[in-house]
Amino acid sequence: MTKKDVDEGWAWVVLVASYMNGFLLSGVCYMGGMFQVVLLEHFKQSVGLTAWVTSVYASLMLFAGPLASVITSYFDCRTSVMLGGLLLAGGLAGSSFATSLSSLFVSFGIIAGLGLGLSYTPSIVIVSYYFEKKRTLVTSVALSAAGTGLLIAPLLFRYLLDNYAWQQCMVILAGICVHVTLFGALMFPIHERKDGRVFSKCRKQRPKDLPEDLASSQLLNGAVDNDINHSRITSYETDKYGSIILKDDFEATENGLFTEGNRTSESQLDIFKNVAFVVFCVNQIMVNAACGVFNIHLPAFCESYGTSAQRVSWVLSVNGPANIVSRILLGAFAHASERDVWVLYYGVLLTSGTIFCLMPLFAKTYLTQLIAVILIGTYLGGSYSLPPVLTIECVGLKKLASAFGVTMICAGSGWLVAPPIAGWFVDLTGSYDYSMYLAGVLMFLSVLLGLVVPQLIKSENQYHIQRDHSVVIEDAEKNDEGTEMHTRDGV
């Protein structure tokens, strides 16, 4: 790949590959609820026990996100996507031979779920490397594939179940998911870099002087600047085209040791000292717990009120268009009212929780179930685009990468634990109504807990302002003392 492929050429092939993978992976992930009903009929186990298989499968799409980032950092997006596609296809194919829930837990839940997580995030991230001028637009296009997948997947899976045994369906889906690896093979790494470090004097310079300074910089194994107090080691990356990309700075001390510069001195673990961020993480656990309960138990809930399996697939599929509309509208509202993002976020959560609690009372027919899912998709679907923005509000842009990885793990925890708990409620009561009530209660609790986050952010910001103000005053006093001593010496 060459620089000419940025915003043109092969970049469009990568965009198509990213869209197709987003379409396939989101659809395959969403089939967990329908597969839950099939497993209950085949293995005749409790709802709570069976829910562990589908909850692990769905949660790994979030849990594996940080692992996918590590693979992408050490190798590239292409490697992570292709590896994930192979694991997904292999796990689905292996599930066709499962004779018990325990074996299905490994093949479908862990192996296929891990493949799902390793493939999805890099498939979206790769378009950012290939596009600069149109980056926002193409990222939106790639993300919109999820809505298309949610629309078509339930109908396709229902057709397969009506015409084949569920084991044969697994083999067919495995063959479809092999295409994830094939599309991933098209995602050539446009940025192949070599790590290195350069020596440069720590002096003020204008941006236009930077290339010249880098060109004259000494390598680590070269001579050290005599003025060791003002030396700096700059970590850099060189891509395949010779471009130098600055990374971390290391300053030399008087004793000859090198320490990280101020820009990277703070530990990324400091995010756990941020009370606002910790509370927001708990909020993410509850929100995704509610979503997990709703998505996995919705098909069984609809069938418990007499809706046919064929009609249930249509109930699930209307969530796709509703998600697309929601992401567009919610993104527009969030952009227009930057100061009210928290109000917007908790507003959609509160509305969704209310709908969850009202479903056992009103969503007892096919038509009312369609309306309920459309409303849930419209209000809740676009909320997934807000956590990155809210995470920045909590920890700042500098620590977004590590903080967002933590929020993904928290979200995965909610998806993992809540559906089996809801299943145990169903086992005890014999009704799926209580699973919807549980989803609503979790959503209400997430709102109540999260309402304090903006206030905690204000307190945190006020603390840093006061601390920075004290440091400035202290430095100013030291400078005044130094000036006074210099004046006395001169006299």
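A residue is called buried when its relative accessible area is under 20%, exposed when it is over 50%, and partly exposed in between, with a 1.4 Å probe and protein chains only. By this rule, Tyr305 counts as partly exposed because its relative accessibility is 27%. The model is predicted, so that local features need pLDDT of at least 70 and side-chain atom pairs count only at pLDDT 80 or more, while totals for chains, interfaces and linings use all residues. Residues are numbered from 1 along each chain as its sequence is written, and side-chain values use heavy atoms, with hydrogens and water left out.

**The chain as a whole**

- The secondary structure comprises 18 helices and five strands; helices (H or I, at least four residues) and strands (E, at least two) are DSSP runs, numbered from the N terminus.
- The chain has 491 residues, of which 46% are buried.
- Contact means heavy atoms within 4.5 Å. Of the contacts in the chain with a separation of 6 or more, 79% are between residues 24 or more positions apart.
- The chain has an accessible surface of about 24,000 Å², and 64% of this belongs to carbon and sulfur atoms. Accessible areas come from the Shrake-Rupley method with a 1.4 Å probe, and for residues only the protein chains shown count as cover.

**Helix H1**

- Helix H1 covers residues 10–30, and 30 Å separates its end C-alpha atoms, which agrees with the 30 Å that its 21 residues should span at 1.5 Å a residue. The expected span of a helix is 1.5 Å times one less than its number of residues.
- Of the 21 residues in H1, 15 are buried, which leaves the helix mostly covered.

**Aromatic pairs**

- The structure holds 13 aromatic pairs. Rings of Phe, Tyr and Trp (its six-membered ring) pair if their centres lie within 6.5 Å; planes under 30 degrees apart count as stacked, over 60 as edge-to-face and the rest as tilted.
- Tyr57 and Phe108 are a stacked pair, because their ring centres are 4.2 Å apart and their planes meet at 20°.
- Tyr57 lies in helix H3 (residues 47–63) and Phe108 in helix H6 (residues 101–130), so this pair ties together parts that are 51 residues apart in sequence.
- Tyr57 and Phe108 are both buried.
- Phe301 and Tyr305 form an edge-to-face pair, with 5.3 Å from centre to centre and 65° between the planes. Phe301 counts as buried because its relative accessibility is 0%.
- One aromatic cluster is formed by Phe35, Phe43, Tyr57, Phe108, Phe157 and Trp166.

**Gly113 in helix H6**

- Gly113 is placed in helix H6 and counts as buried, at 0% relative accessibility.
- Apart from neighbours within four places in sequence, Gly113 is in contact with Tyr57, Leu60, Met61 and Phe108.
- Gly113 and Leu88 are 25 residues apart along the chain, and their C-alpha atoms are separated by 6.8 Å.

- His42 lies in helix H2 (residues 32–43) and is partly exposed, with a relative accessible area of 40%.
- Apart from neighbours within four places in sequence, His42 is in contact with Trp166 and Gln167.
- The C-alpha atoms of His42 and Ser100 are separated by 9.7 Å, and the two residues are 58 apart along the chain.
- Lys44 is found in the loop between H2 and H3 and counts as exposed, at 63% relative accessibility.
- The phi angle of Lys44 is near 55°, a positive value in a residue other than glycine.

- A salt bridge is a side-chain nitrogen of Lys or Arg within 4 Å of a carboxyl oxygen of Asp or Glu. By this rule the count comes to one salt bridge.
- Asp162 forms a salt bridge with Arg158, and their closest N and O atoms are 3.2 Å apart.
- Both Asp162 and Arg158 lie in helix H7, four residues apart, which is about one turn of the helix.
- Asp162 counts as partly exposed at 40% relative accessibility, whereas Arg158 counts as buried at 15%.
- Leu151, Ile152, Leu156, Tyr159 and Tyr164 make a nonpolar surface patch of about 440 Å². Patches are made of residues with over 30% relative accessible area and no salt bridge: like charges are joined within 9 Å, and nonpolar side chains (Val, Leu, Ile, Met, Phe, Trp, Tyr) within 5 Å.
- Leu151 is placed in helix H7 (residues 135–163) and counts as partly exposed, at 32% relative accessibility.
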